[in-house]
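Me: Hi! I'm new to this one, could you walk me through it?
Reply: Happy to, here it is.
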Amino acid sequence: METSRAEAISEQGRPLRRRLARIAIWVGGAVLAVLLLDLLGIPVSEWIRDLLKKIREVPPWAVVSGVVLQTLQI
């Protein structure tokens with residue numbers, strides 16, 4: 001009975017590793033794409049920095065209000 005329990009636990013761990021590997025591949029691919037585009041002269045990293053600056057300018061009360069309203073809509 002203990003071998004079947006160990007097999008079940010090991011089978012549950014495999015999909016998690018696969019998902020984490022897929023996430024790592026996607027993140028790595030996105031980083032590689034941004035670096036490649038920057039090398040080609042397309043300022044993607046600057047655009048991302050500007051976007052994050054604009055997002056930080058949004059007041060916290062607006063974010064909380066948006067989350068509350070979206071939650072109420074659901």
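Me: Where is Ile-23 placed?
Reply: Ile-23 sits in helix α1, which covers residues 2–39. Keep in mind that this is a predicted model.
Me: Thanks! Which residues make a nonpolar surface patch with Ile-23?
Reply: Ile-23 makes that patch together with Leu-16, Leu-20, Val-27, Val-31 and Leu-35. The patch comes to about 560 Å².
Me: And what about charge, which residues gather in a patch of positive charge?
Reply: That one is made of arginines: Arg-14, Arg-17, Arg-18, Arg-19 and Arg-22 gather on the surface. Of these, Arg-19 is found in helix α1.
Me: Stepping back, how many helices and strands does the protein have?
Reply: There are three helices and zero strands. Reading from the N terminus, the order is α-α-α.
Me: Does helix α3 lie in the open or is it buried, and why?
Reply: Helix α3 lies largely in the open, because zero of its 14 residues are buried.
Me: What span should α3 have?
Reply: Helix α3 runs over residues 60–73, and at 1.5 Å a residue its 14 residues should span 20 Å. Its end C-alpha atoms are 20 Å apart, so the two values agree.

How values were computed: Residues numbered from 1 in each chain as written. Predicted model: local features only at pLDDT ≥ 70, side-chain atom pairs only at ≥ 80, totals over all residues. Heavy atoms only, no water. Helix = DSSP H or I, 4+ residues; strand = E, 2+ residues; numbered from the N terminus. Patch = residues over 30% accessible without salt bridge, like charges linked within 9 Å, V, L, I, M, F, W, Y side chains within 5 Å. Areas by Shrake-Rupley, 256 points an atom, 1.4 Å probe, with all protein chains shown as cover. Salt bridge = Lys/Arg side-chain N within 4 Å of Asp/Glu carboxyl O. Lys, Arg positive; Asp, Glu negative; His and termini not counted. Charge placed at Lys NZ, Arg CZ, Asp CG, Glu CD. Expected span 1.5 Å × (residues − 1). Buried < 20%, exposed > 50% of the residue type's maximum accessible area, 1.4 Å probe, protein only.
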